[in-house]
Structure formats: C-alpha cells, structure tokens
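I opened a new notebook page for this model. The entries below follow the order in which I looked things up.

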Amino acid sequence: MNQETNINLIDTQLKAYNNKDIDSFLKCWDKNAKIYLHPTTLIADGIDQIKERHIIRFQEPDLFAKLISRQVFGGKIVDQELVTRNFPEGKANIDVLAIYEIEKQLIVNAWFLIGEQKF
C-alpha cells in the first residue's frame with residue numbers, strides 16, 4: 001500500500017471529523033471496521049456503530065481535533081492529537097494517541113489512547 005495514499009486517507013478522515021461531515025467521515029472506514037480504547041476494549045464494531053457514535057459526537061459545538069504529530073509505522077499511521085470536546089462539566093482538551101490500521105484504502109481498525117481531560 002502506498003504510504004502517501006494512507007496519509008491522505010487519514011487527512012481526509014480528520015478533516016471530515018473537524019467539519020462534522022458524517023458522510024465524508026464514514027467513507028474513510030471499512031464496513032467491518034472496529035474502534036478500540038487501547039489496547040483491547042471494543043467501543044464500536046462495524047460502520048453502523050461508528051456512525052451512531054460519531055453522529056452524537058458531531059453535535060458538540062466545540063468539537064475539534066488538532067494534529068500535533070504523525071508517524072507511519074508499517075501499515076499503521078499514528079497521530080497525536082489535541083481534541084477539544086464538550087462534556088456536562090464543560091469544555092475540555094484531551095491528549096489522544098490514535099493508531100489507524102489501513103487495508104485497501106480504508107481504515108479497518110483504530111485504537112485510541114486517551115489522556116487526561118483538562119477543563
């Protein structure tokens with residue numbers, strides 16, 4: 001798989017996330033993709049659960065993921081992001097490490113390591 005193609009896919013997915021564009025966001029994911037809290041806690045299994053999870057998240061007015069760094073490790077892309085979210089307690093910034101596994105130009109697995117919420 002072409003490394004540049006994989007990076008473009010993750011760029012497209014991040015832009016769609018920040019634009020709260022659910023259709024463009026979902027086009028980046030395989031229909032059987034899985035999302036985990038690192039290392040093994042499954043939080044979304046398949047495109048329907050990914051959609052349901054993100055439709056709710058995309059309603060947050062301050063939602064935004066700022067890319068801090070990106071590394072390519074074999075067939076995986078690792079992004080460090082600073083994510084702004086809205087919680088009942090208020091607006092918070094969260095350090096996130098995202099690991100994306102790509103096959104056939106789609107994300108098939110993603111693992112997220114979530115840092116402390118800073119209000």
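Is Tyr17 buried or exposed? I checked the accessibility in this predicted model. Tyr17 has a relative accessible area of 9%. Buried means under 20%, so Tyr17 counts as buried.

**Entry: aromatic pairs**

I searched the whole structure for aromatic pairs and found seven. I noted the pair of Tyr17 and Phe25: the ring centres are 6.2 Å apart and the planes stand at 50°, so this pair is tilted. Both of these residues are buried. I then took Tyr17 with Phe58, where the centres are 5.7 Å apart and the planes are at 85°, so this pair is edge-to-face. Tyr17 sits in helix H1, while Phe58 sits in the loop between helix H3 (47–57) and strand S3 (64–73), so the pair ties together parts that are 41 residues apart in sequence. Phe58 has a relative accessibility of 9% and counts as buried. Ring pairs join Tyr17, Phe58, Phe25 and Trp29 into a cluster.

**Entry: Phe25 and the core**

Which residues does Phe25 contact, leaving aside its neighbours within four places in sequence? I listed Gln13, Ala16, Tyr17, Ile50, His54 and Phe58. Next I looked up the largest nonpolar core, which has 29 residues. Phe25, Trp29, Ile50 and Tyr100 have the most contacts inside this core. The elements giving two or more residues to the core are helices H1 (3–18) and H2 (22–26), together with strands S1 (29–37), S4 (76–87), S5 (90–103) and S6 (106–118). S5 supplies the largest share, six residues. As background, nonpolar side chains in soluble globular proteins tend to be buried together.

**Entry: the sheet**

In what order do the strands of the sheet lie? I read S2-S1-S6-S5-S4-S3, an open sheet of six strands with mixed pairing. Strand S2 (41–45) and S3 are the edge strands, and each pairs on one side only. On average, neighbouring strands are turned by 25° against each other, direction ignored. I followed S5 and S6 in particular: they pair in the antiparallel sense over 10 bridges. I also noted that Asn93 stands opposite Lys118 in S6.

**Entry: helices on the sheet**

I checked which strands the helices cross. H1 lies across S1, S3, S4, S5 and S6, and runs at about 165° to S3. H3 lies across S1, S2 and S4, and runs at about 65° to S1.

How values were computed. Residues numbered from 1 in each chain as written. Predicted model: local features only at pLDDT ≥ 70, side-chain atom pairs only at ≥ 80, totals over all residues. Heavy atoms only, no water. Core = buried A, V, L, I, M, F, W, Y, C linked by side-chain atoms within 4.5 Å. Buried < 20%, exposed > 50% of the residue type's maximum accessible area, 1.4 Å probe, protein only. Helix = DSSP H or I, 4+ residues; strand = E, 2+ residues; numbered from the N terminus. Contact = heavy atoms within 4.5 Å. Phe/Tyr/Trp six-rings, centres within 6.5 Å; stacked < 30°, edge-to-face > 60°. Pairing = 2+ DSSP bridges. Axes fitted to C-alpha atoms, helices over the stretch in contact; angles between N-to-C directions.
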